[in-house]
Every structure is written in structure tokens, then in C-alpha cells.
Amino acid sequence: MTDSVLVVSNVGKAYRQYSSEIARVLSWFNISTKPANETWVLQDISFSLAPGEAVGIVGQNGAGKSTLLKMVTGTQHPTTGEINVSGRIGAILELGMGFNPDFTGRQNAYHSAGLMGFSQAEIESVMPEIEVFAEVGEYFDRPVNTYSSGMQMRVAFSVITAFRPEILIIDEALSVGDAYFQHKSFSRIRDFQKQGTALLIVSHDSNAIKSLCNRVILIEKGHLIKDGTPDETIDYYNAILTDKDSGNIRLNSLQNGKLQTISGTGEASIIDVTLFNRNNDPVELVNVGENVVLRIHVQIESPLNSLVLGYMIKDRLGQEVYGTNTQYTKQILYNLEKQETLTYEISFSTNLGPGSYSVAVALVSEELQLSDNFEWQELALIFNVANLDKTPFGGSAWIEPAIAIQKHKQNHYSPYA
């Protein structure tokens, strides 16, 4: 704990309404006054953040994520518990971070950096870098009320990260940016992490969370219910989203030490998931580009009007590589009877880069997350891909090229040749 840059201990936040203005004022001085109405949005939240560590926060809308970040930055105060911060915080909690719409981007950059505590000389020393990184061109000297939301985010992020903070906090702001600037921002964040900056980020983009974060915490109805690796926590969160009605979510410890999340009503169950090579032998290691068959056995536990099987291949970080389902392929099954068994055989080529991959499998009534969830298994299968006989390559996909090279005499080159 002593080397943590942030320690949140038993924090709770309640919004209170009092019967009179006098009662509200007395409460400021810790004079016992019972509120007329009290709503707790967060309770018993505890976690820490080490230098260079990146922690994502996920949860449904209204779970209390943004309130937690506001308390960490000091714009709100906890009702119970303590928050201890070591070092400077840089935060983007809302789009534009309080920019004056009538000021230019440059004027807002001076003003915001000044509010962060930097001197005029310090701000002037980094202003050229802010302008270059934001890449808004001549708009940097135009009023912010002429900006798009993406341009506001560009300038805001550039100002916040002009000076490396000990803790960087981002609440969904990067989601409004274009793909190019998101990649650019993530690159700067990773550089900061290598230098010791800790990151606390709220985002609905699970791939961004998995790409940046070492840990993810899940907040549900104001309580921290899980703090673990990105793939385990996000799998559990997805299970909550897809299994709101039955509440049947369970965790299995696998031999490799990972936690497998399984959810669903149990009206259909996944009996076995196995990968086979062309000789019909079960395999855990396959070659790049090898033809394989994913065989999934299913049992119907209750009569079903319709059944859709979906699967998703993920990389070792839990990022989605490829997925589809039998609704997309127009192979929905109807009117299934109890105790029927089904075998799905999915043939494909492992055009993947070397590494470890997992397969998630789901049985639902319609397209995933929009219907009844009978059973959803994360980490239903884990397999490895190795490059045994292909030309060396980099990346997560095998896209074999045919490269043609032509030599041209000087001044004879034409792009249309």
C-alpha cells in the first residue's frame, strides 16, 4: 500500500435532502441532523493504484462510476471513507473539461493549464507541443463553439497530457474521437505508463480497456463486486448484461489458473467443445493456416421455440478476433424438444498469428445480448497457434501476400504501369 499513488478505502457517497435550509447548514458542521431523504450511490468501495498500473472501471449506466472518479479528483467529497492521492492528477471527466465556448482553443489551453497550477512560463514552453499534438490546424485560434466534439476532445487531451501526471483519469472522453486520434492518444498513455503514470479509465469500449489495463474493477448498483484481470472481469460483466433475469452466473477455476464465467438459464447446455484437425484428431496446437473443425455438442434441457449458437475467437488479452452466430448464417433451429442433442461442426482455417486463443460459446433464442440466454461459456476452449512452415510474419492475422517488384530505369517510372 505504501507505494500506491491512489488508495480508496471504504468510500461511500450519499446524496441527502434536508427538511430545511437550517438543517442542511448544520450538517456541514457535523451537527447531527437526520436528512429527510438519503440516496446512496456508492458504498464500501476499496482499491489501490500503483505507479504505472492501469485500472479500468466498468459497470452499467448509473452504477456510480463517474461519481467515483469525481471523488478521486476532488470535485466531490465522499460521505464515508477516505481517498489518499500521491502526486498530481490529470483528468478529463467531461467533454471539453470546462472550456469557455467563446475562447479559442489556444486561450482555453492557457486557462485550463493555469487552473492545473502551471506558471505562464511553463505553459508557454509546451504550447507549441499542445498545438501540434491536437492537430486541429487553424481552428486552434478559433472559438471552441465552432469545434466538433472530436476537436474539443483533441485539445482537451493535449492540454491534460502536456505535462505528465502521476495519475491520469479519463471518463469516456476518448470515445468521441476518431480512430486515428484514439491510436495516437493510446500511444501517449502507454508512454506515460512506462514512465510511471497510473491510469484510471471508465469506458464502454471493452477492447480499449483490455488493451490498456492491467486490472478491471466492476461496479454494480454502487458496490464493487469484482476486481481482477481484464478478461475475467469483463467476461463477468458481460454475463451480468446477458443474464439479468435468471441471475445464474458461476465461476469455474480452470487448470491454467484462469477463471471461466458461465451464465444462463440452463434450458440448453453446452456439453463439449473440441477442436479437431483434418485427421479428426483432437488438437490444442495448430499450424498457421491449418484447416480445423470446431465441434460443439449441445443438449436441450427444456422445450425451446428457437435456438441460435454463437461463438467468438479471442486473443490472449481477451480481445475479439472473429465471431458469428447461426442467426447471421440463417441456420436458426426451431421447436426443439427436451433431451434432444445437437452437434455443430464449424470448419475454418486458422489464419491467425502465433499465440494463444480462446473460444467463447453461447446458446440464445435470438441474436446475442438481445434475447434469452440459455448458456454462455467464456473460455469454453483454449488453443495455441504456431508458425510451423510459413514465411515469418508479424501481427495477429495471416494474410499471405503476393509481392511483385519491378525495376525501372531513371525517369521511366509511372504509377499507372
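1. In this predicted model, strands β1 (residues 6–17) and β2 pair in the antiparallel sense, with nine bridges between them. Within this pairing, V7 stands opposite S48 of β2.

2. The two strands belong to an open sheet of three, ordered β2-β1-β4, in which the pairing is antiparallel. From one strand to the next the twist averages 25°.

3. Helix α8 covers residues 230–242 and spans 18 Å from its first C-alpha to its last, close to the expected 18 Å. The helix is mostly covered, since twelve of its 13 residues are buried. Among them are P230, I234, Y237 and T242.

4. The model contains seven aromatic pairs. In one of these, the ring centres of Y139 and Y147 lie 6.3 Å apart with the planes at 75°; because edge-to-face requires an angle over 60 degrees, the pair is classed as such. Y139 is partly exposed, at 29% relative accessible area, whereas Y147 is buried, at 8%. R142 also lies over the face of Y139, 4.6 Å from the ring centre.

5. Y311 and Y322 form a tilted pair, 6.5 Å centre to centre and with 55° between the planes. Y311 lies in strand β15 (residues 304–314) and Y322 in strand β16 (residues 320–325), so the contact ties together parts eleven residues apart in sequence. Y311 is buried at 9% relative accessibility; Y322, at 46%, is partly exposed.

6. Two further aromatic features may be noted. F133, F157 and F181 form one aromatic cluster, and K390 lies over the face of W398, at 5.1 Å from the ring centre.

Methods. Residues are numbered from 1 along each chain as its sequence is written. This is a predicted model: local features need pLDDT of at least 70, side-chain atom pairs count only at pLDDT 80 or more; totals for chains, interfaces and linings use all residues. Side-chain values use heavy atoms; hydrogens and water are left out. Helices (H or I, at least four residues) and strands (E, at least two) are DSSP runs, numbered from the N terminus. The expected span of a helix is 1.5 Å times one less than its number of residues. Buried means under 20% relative accessible area, exposed over 50%, partly exposed in between (1.4 Å probe, protein chains only). Two strands pair if DSSP finds at least two bridges between them. Axes are lines fitted to C-alpha atoms, for helices over the stretch in contact, and angles run from 0 to 180 degrees between N-to-C directions. Rings of Phe, Tyr and Trp (its six-membered ring) pair if their centres lie within 6.5 Å; planes under 30 degrees apart count as stacked, over 60 as edge-to-face and the rest as tilted. A charge sits over a ring if NZ of Lys or CZ of Arg is within 6 Å of the ring centre and within 35 degrees of the ring normal.
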